[in-house]
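Subject: Structure for your files, with notes

Hello,

Here is the structure you asked to have passed on. Please open it alongside the notes that come after it.

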Amino acid sequence: MERKPLLQVRNLQTHFNIEGRWARAVDGVSFDVYPGEVFGIVGESGSGKSVTALSIMKLIPDPPGRIVAGEILYRGMDLVQLDYHEMYRIRGKEIAMIFQEPMTSLNPVFTIGMQIAEVLQAHEGVSEEDAYYRAAELLTQVGIPDAEKRLDDYPHQFSGGMRQRVMIAIALACNPSILIADEPTTALDVTIQAQILELMVELKEQRKDAAIILITHNLAVVAEMCHRVMVMYGGKVQEIADVFELFGNPLHPYTNGLLQSIPRPDLPEYRGKRLVAIPGNVPSILNLPRGCKFCTRCSIAIERCFVEEPPLIEITPDHFVRCHLVETTLAQPRTFDGQSFAETA
Amino acid sequence: MNRSPLLDVADLRVYFPVYAGVLQRRVADVKAVDGVSFSIARGETLGLVGESGCGKTTVGRAIINVLRHVSPDVHMSGSVTYHADETAVNLLELSTKKMMPYRRRIAMIFQDPYSSLNSRLSVREIVREPLDLHESSMSPRQRNERVEWLLEKVGLQPEYAERYPHEFSGGQRQRIGIARALATNPDLIICDEPVSALDVSVQAQVINLMEDLREEFGIAYLFIAHDLSVVYHISHRIAVMYLGNIVEIGTRDEVYFSPKHPYTQALISAVPVSDPQKRGKQRIVIEGDIPTPINKPSGCSFRTRCPIARPECAQLTPMLEPHSPTHFVACPYVGQEFAPATEEENGFLQ
Amino acid sequence: MVEYFIRRILLTIPTFIGSTFVVFLVVQLAPGGPLEQQIQALKRGGETAGAGLVGEQALPKDAIEELKRFYGFDKPIWQRYLIWLGVLKRESKSYRIMPGKPRLVGENERLVLVSVGNTFELRNANDPSRQVGDWKWRQEQDEETGQVRYRVYREERSGILTGDFGRSYRFRKPVMELIAERLPVSIQFGIISFVLSYAISIYLGVQKALRHNTPFDFATSSAVFITYSIPGWAIGAVLLVLLATDRFLPIFPLGGFENPLYAEMNLLEKIWDRAYHFVLPTIAYTAGSFAVLTMLMKNSLLDTLSSDYIRTAFAKGIREQRVIWLHAMRNSIIPIAANIGYVIGVFFAGSYLIERVFDIQGIGQLSFEALVARDYPIVFAFTVISVVVTLVGSILSDLALAVIDPRIRFK
Amino acid sequence: MAQTDTITASGSSSAGEEVLSIQQRRWRKFRSFKRGYYSMLVLLSTYVISLFLPLLVNNRALMVHYNGRTYFPAIRDLLDLPIVGQLGGTPFISGEELGQIGNKSECNYRALKRQYEEEKKGNYVVMPLYSFGPIEDISVEGNEPFMPPLARTQFGELRLFGTDDRGRDVFARMAYGFQISFSFALLVASLSYLIGVPLGALMGYYGRWFDLLMQRLMEIWGSLPFLFLIIIVVSIVRPSFFVLVLLLVIFSWLGIAQQMRAQFYREKTRDYTAAAISIGVPTRKILLKHILPNSLVPIITFFPFAIVGDIGALVSLDFLGFGLAPPTPSWGEMVSIGMENLTSGYWWLVLVPLGALFVTLMLVVFIGEAVREAFDPKTFSRLR
């Protein structure tokens with residue numbers, strides 16, 4: 001692998017205290033993000049995907065949450081060890097984030113212009129005037145007409161889609177190396193979702209060495225956007241693979257189940273057939289099984305699955321799966337658990 | 001369709017007045033539903049799709065006559081004709097009392113499994129409530145037995161009857177909601193986005209359950225959703241709504257695979273496909289935001305975002321016109337300048 | 001926004017009318033109301049009108065009738081109310097007159113009722129060609145004897161809308177004058193404690209929110225609970241006993257607003273004396289709203305801090321101090337600002353308790369004493385002014401909200 | 001489908017834990033706040049005990065045995081007490097009847113006890129634990145004004161908190177004052193809930209002209225200086241206990257109605273209401289069975305604070321001399337006597353009633369905080 005990863009997450013553990021009990025929201029997550037790629041994190045509610053993203057930003061509300069262990073290496077610097085003063089230089093400047101809820105993510109009492117200019121002033125040290133000028137440019141860039149006029153508008157004068165564009169403008173203001181997008185289109189309508197995804201692709205084209213971490217529960221969005229995908233369940237990484245590999249050859253029973261359970265009118269062989277559902281419910285993070293996190297719902301689970309958690313192991317090159325029932329074909333499979341990925345690489 | 005009709009909605013309009021100004025005069029109306037007509041046959045599922053604010057939820061609530069209670073100054077017109085065995089009644093005109101016998105025939109499932117169950121009542125009380133109201137001939141014991149039978153039907157253990165909603169996950173709560181809707185053996189269930197609040201892996205369970213129940217009890221569904229693939233999967237026919245109007249209605253294959261209205265085409269092409277191989281297909285991305293239903297554009301309400309809009313569209317309010325015996329589209333310019341996408345061109349078929 | 005405030009202000013008009021009508025009704029309809037008081041006051045020779053024994057002296061029937069007329073008891077209640085408001089005219093001066101006989105009215109105006117045909121005409125007695133001004137005359141019948149009498153009178157609009165609250169029975173002075181004398185004292189306390197309670201509450205509320213569930217939070221909570229549990233005047237009373245009586249620690253004055261020798265002091269001494277007299281009452285005043293505001297501030301900031309846009313601000317790399325004091329504060333202050341009107345109202349309406357404890361001669365004390373003495377014009381004035389203060393306060397609250405929150409501004 | 005139905009907690013309970021309704025969980029949570037929980041135990045038990053005050057703190061004997069006949073003078077007070085404030089209205093037994101020669105007015109039981117003990121004729125008097133009543137004053141033999149706390153009378157009886165300007169026992173008045181203040185507040189709060197809850201509910205649910213009209217009315221009501229208005233009314237017609245309760249209720253239902261209105265307005269748009277309507281639940285039942293239980297949280301958490309406000313209002317009125325008619329023992333009146341004699345060093349006249357007020361209200365506030373915390377927990381999370 002000739003590229004150097006931009007971000008390396010190693011054995012990240014983020015726990016939440018819920019009414020006196022510690023829930024392992026993120027439990028030993030490891031992955032790499034390379035420059036220029038769109039890295040997808042897929043999972044359902046409680047899978048730990050959003051907590052992973054917030055951990056990278058060190059935006060875990062404390063209490064009740066806490067990063068308990070692990071490393072988050074951004075260009076070799078461990079963000080977990082940074083104190084919060086040093087984090088201010090990373091957030092917004094090196095790593096930016098956009099959130100799911102465009103309606104509540106902007107401060108209702110400040111103008112759009114102020115909220116964009118503020119980032120530039122904080123990180124680039126530009127004058128207020130320059131910052132507003134840049135803010136107008138950014139708004140134009142994300143496709144808001146009449147940008148200069150709209151700088152003085154307040155968030156409530158914008159529609160949901162427009163607000164998400166503003167969020168993107170804020171995130172991109174300082175040209176971050178990594179953009180984390182946490183369900184950026186979930187709250188939006190289909191036609192608006194298409195616009196926002198299109199915009200993100202467009203902006204991605206402009207900076208080849210930056211990476212996007214796209215967090216979503218929507219497999220279709222992943223299929224459209226991502227280069228590599230990580231599937232999470234129960235706070236654990238279950239599968240990491242190239243997007244074509246993952247969709248063409250899903251190895252984990254959970255990934256497989258997810259792909260089969262969504263209606264696919266575009267595939268004639270599925271049309272009119274009954275959906276293949278994953279039985280059971282998404283477990284609460286307070287109440288996870290001891291062994292494989294998916295064992296309670298897995299149709300092929302064996303006894304071992306209930307007592308022993310399988311390791312995340314490389315099955316085919318760069319395709320990692322956490323399942324006892326998938327055998328590796330590689331002579332020297334790498335694993336994310338236990339030892340550093342960088343060492344084996 | 002040679003099945004007998006169950007529900008006829010004709011020219012349904014639902015306006016919510018907007019008050020403003022010094023004297024709080026009625027200055028405008030939110031035209032949530034602005035002349036909607038469709039019909040549902042017995043045992044049939046009609047999918048109703050559209051984006052937020054298009055009025056699809058309001059249609060469902062108007063049929064079941066709950067709007068007046070929540071917003072007493074709502075203005076409704078048109079008719080919702082329910083075909084009971086021999087007779088037909090306009091549900092809109094019925095008083096609360098006269099509506100009672102029909103309430104057991106039409107049930108509703110809600111989008112939010114958390115707010116649609118009263119958290120102060122146990123599961124038994126929730127599911128039994130319609131029985132208590134409508135099945136007065138049943139003894140309390142029979143009712144309890146039926147509650148347990150219903151729970152089993154929707155895949156919940158009857159032992160859970162004494163528990164409270166907050167102990168269940170979203171999918172299980174939705175099953176409780178379905179059990180409540182099933183309690184009185186309805187002919188029609190209005191499903192208001194029943195799966196959109198659920199986790200992906202649970203959605204399929206609920207969809208399957210609903211399909212099984214339809215097979216077993218011959219229920220008709222009005223399936224309201226924004227997710228086109230789900231609607232395609234479960235529906236026989238699909239109606240597409242935009243800003244209070246139905247712009248296209250037809251069988252599911254007609255609407256999904258040969259959409260005629262530019263909005264339907266854009267809507268379908270905007271749906272991402274769960275297959276990276278099909279990435280980069282030509283999308284029809286429509287510009288701009290959905291206008292608010294307070295200030296609907298004149299004429300065709302889609303003209304502000306329509307790729308084939310012409311000046312005439314501002315004057316002319318398009319009506320649904322037939323393209324096949326079952327396929328109706330509300331756009332006079334379909335097939336003239338904008339070639340209707342065929343299945344192959346759209347890349348929906350391999 | 002302008003429209004919103006026009007609407008807002010217009011809406012206070014019916015409220016004002018409604019509240020003043022209630023006040024009017026309560027006082028007017030009650031037995032032993034103003035009329036009886038005035039009658040009794042006259043009976044006792046008009047010195048004091050306090051509750052007590054009815055004087056021996058019989059009041060001339062005329063005088064009673066005149067009083068009734070002054071208060072409009074010969075008219076229906078709604079007319080009386082409108083007169084009291086100052087919307088309808090009231091008989092401000094009225095004299096008996098015998099046809100043909102000149103009568104002195106006012107300073108040196110003499111009027112005479114001259115018979116013209118079947119009816120009469122009012123003329124100036126000194127010079128019949130001169131105008132009689134706005135004097136009018138009317139015929140009336142004695143209730144008992146049925147005798148026909150004549151009366152000249154003058155009408156004017158004067159009532160609470162024109163700022164005329166009548167004259168105090170006890171002080172024999174216009175009420176407005178009395179209130180104007182006492183107002184500065186009360187306003188000084190009001191403003192100082194208003195500023196103090198907001199300043200302390202906001203700061204403390206923020207600190208409590210930021211250190212939620214720490215020893216600091218628990219320790220300050222006790223202070224908050226104490227001021228919440230005890231009314232401000234009671235705290236004042238306790239402080240007086242502990243810090244002003246000889247028994248414990250006599251470091252503060254027992255009450256009053258200033259030293260009797262205040263006028264002879266130099267500036268420095270004056271300032272010191274003022275401050276010295278101000279400490280305890282100010283604590284008592286401030287305590288009244290301190291607890292509510294502090295908890296409101298704390299809870300509101302806690303809510304705001306867990307909102308999405310605060311997370312966004314941090315995600316942008318904005319520093320903590322700026323996020324808290326700019327992004328979070330601007331939003332958290334909204335409920336506090338909404339309370340401005342309430343707090344002002346509480347200061348004003350509660351003033352009689354604290355002024356009484358500390359023996360401060362402010363309007364609260366004035367109106368309380370007036371109430372004891374049944375000096376109704378002052379009582380009326382105080383109630384009407386507190387209604388107005390509450391209404392103005394609520395408009396102020398809305399204005400403050402509009403300044404802070406653009407969503408309201410663009411309504 | 002056994003696996004399908006493993007209960008997964010969306011809240012805190014998990015498989016194996018017992019099933020709790022929301023109410024039960026809240027009660028548990030409340031109990032976990034020790035300060036509030038114990039405050040409630042202390043306050044409730046004190047209040048229950050205070051209902052039997054005539055048997056504990058009274059100048060009338062519990063039992064008098066005289067010439068073969070047995071009398072229970074204090075029991076009558078007990079019957080009188082639930083309708084608080086009517087003290088002094090009970091018929092008394094004259095001194096002569098029990099052998100106090102020459103005393104045609106009420107018997108002095110403390111003296112009677114001494115008399116019987118001297119006579120040793122087998123007659124006896126059983127006095128309550130604390131043998132001074134709240135309204136017996138200087139006219140009774142042995143009562144001196146302004147006795148300091150812990151002083152003893154000439155007969156060696158202990159005055160716990162001394163006496164006031166008329167020789168009335170401060171401890172007894174304080175104790176009865178608690179009973180009266182608390183009953184008063186409970187009554188005012190309950191009655192204003194009784195009015196406020198249904199009115200607010202109807203306003204919120206039906207809206208339209210009823211709501212508009214009521215809101216105007218409430219705005220008018222809210223702009224009035226209510227305590228001052230009550231004083232005006234009281235200064236004109238000296239009210240009884242119940243009239244005073246009603247006067248306060250007239251002004252205090254407002255806040256509750258407003259909260260209820262907001263709740264109903266919000267809850268009626270929730271889907272469970274629509275669900276109830278869609279299955280044909282009659283409106284009355286929707287209001288009572290569905291919306292009401294879901295709307296109670298804010299007004300339940302408000303109840304302790306309503307009590308605080310009502311006690312404060314009563315004490316303020318009494319302090320100004322416009323509260324309960326004298327000689328009803330009341331804290332406010334006690335303070336005002338103390339304030340009149342402020343310079344004389346009779347500190348206990350102010351500090352005892354205010355101390356009692358403070359402790360009582362503090363307990364109520366502790367309860368209120370715990371209730372609020374249990375019903376409506378504030379999440380605290382901080383980013384940096």
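Residues are numbered from 1 along each chain as its sequence is written, chains are lettered from A and ligands numbered from 1 in the order in which they are written, and side-chain values use heavy atoms, with hydrogens and water left out.

Confidence

The model scores ipTM 0.83 and pTM 0.84. Where pLDDT is low, the predicted coordinates should not be read in detail.

Chain D against chain C

This contact involves 50 residues from chain D and 59 residues from chain C. The two chains bury about 4900 Å² between them, 76% of it on carbon and sulfur atoms; buried area is the accessible area (1.4 Å probe) that two parts lose on being put together, summed over both. In chain D, the residues that lose the most area to chain C are Phe228(D), Ile236(D) and Lys378(D), together 13% of what that side buries. The rule finds 0 salt bridges here, a salt bridge being a side-chain nitrogen of Lys or Arg within 4 Å of a carboxyl oxygen of Asp or Glu. It does find 4 residue pairs in polar contact, both residues at pLDDT 80 or more. A polar contact is a pair of N or O atoms within 3.5 Å; within protein, one must be able to donate a hydrogen and the other to accept it, and residues adjacent in sequence count only if both atoms are side-chain atoms.

Elements of chain D that each supply at least two residues to this side include α7 (208-223), α8 (226-236) and α12 (297-320). Helices (H or I, at least four residues) and strands (E, at least two) are DSSP runs, numbered from the N terminus. The largest share, 11 residues, comes from α14(D).

Chain A against chain C

Here 31 residues of chain A are in contact with 22 residues of chain C. About 2300 Å² is buried between them, 60% of it on carbon and sulfur atoms. Tyr88(A), Val109(A) and Glu118(A) supply 26% of the area that chain A buries against chain C, more than any other three residues. The count is 2 salt bridges. Glu118(A) forms a salt bridge with Arg322(C), with the closest N and O atoms 2.9 Å apart. On the chain A side, α2 (84-90), β6 (95-98), α3 (112-124) and α6 (160-172) each give two or more residues, and α3(A) gives the most, with 6 residues.

Two helices of chain D

Helix α10 (residues 271-278) of chain D is mostly covered, with 8 of its 8 residues buried; buried means under 20% relative accessible area, exposed over 50%, partly exposed in between (1.4 Å probe, protein chains only). Just after α10(D), Gly280(D) takes a positive phi of about 90°. In helix α11 (residues 283-295) of chain D, the buried residues include Ile286(D), Leu287(D) and His290(D). The cover over the buried residues of α11(D) includes α4 (123-134) of chain B, as well as α6 (170-206), α9 (241-267), α10 and α12 of chain D.

Tyr221(B)

Tyr221(B) lies in strand β8 (residues 220-225) of chain B and is buried, with a relative accessible area of 1%. Not counting residues up to four places away in sequence, Tyr221(B) touches several residues, among them Ile40(B), Leu188(B), Cys191(B) and Met210(B). The backbone oxygen of Met210(B) lies 2.7 Å from a polar atom of the Tyr221(B) side chain. The C-alpha atoms of Tyr221(B) and Met319(B), 98 residues apart along the chain, are separated by 25 Å.

Regards

Note on methods:
Predicted model: local features only at pLDDT ≥ 70, side-chain atom pairs only at ≥ 80, totals over all residues. Contact = heavy atoms within 4.5 Å.
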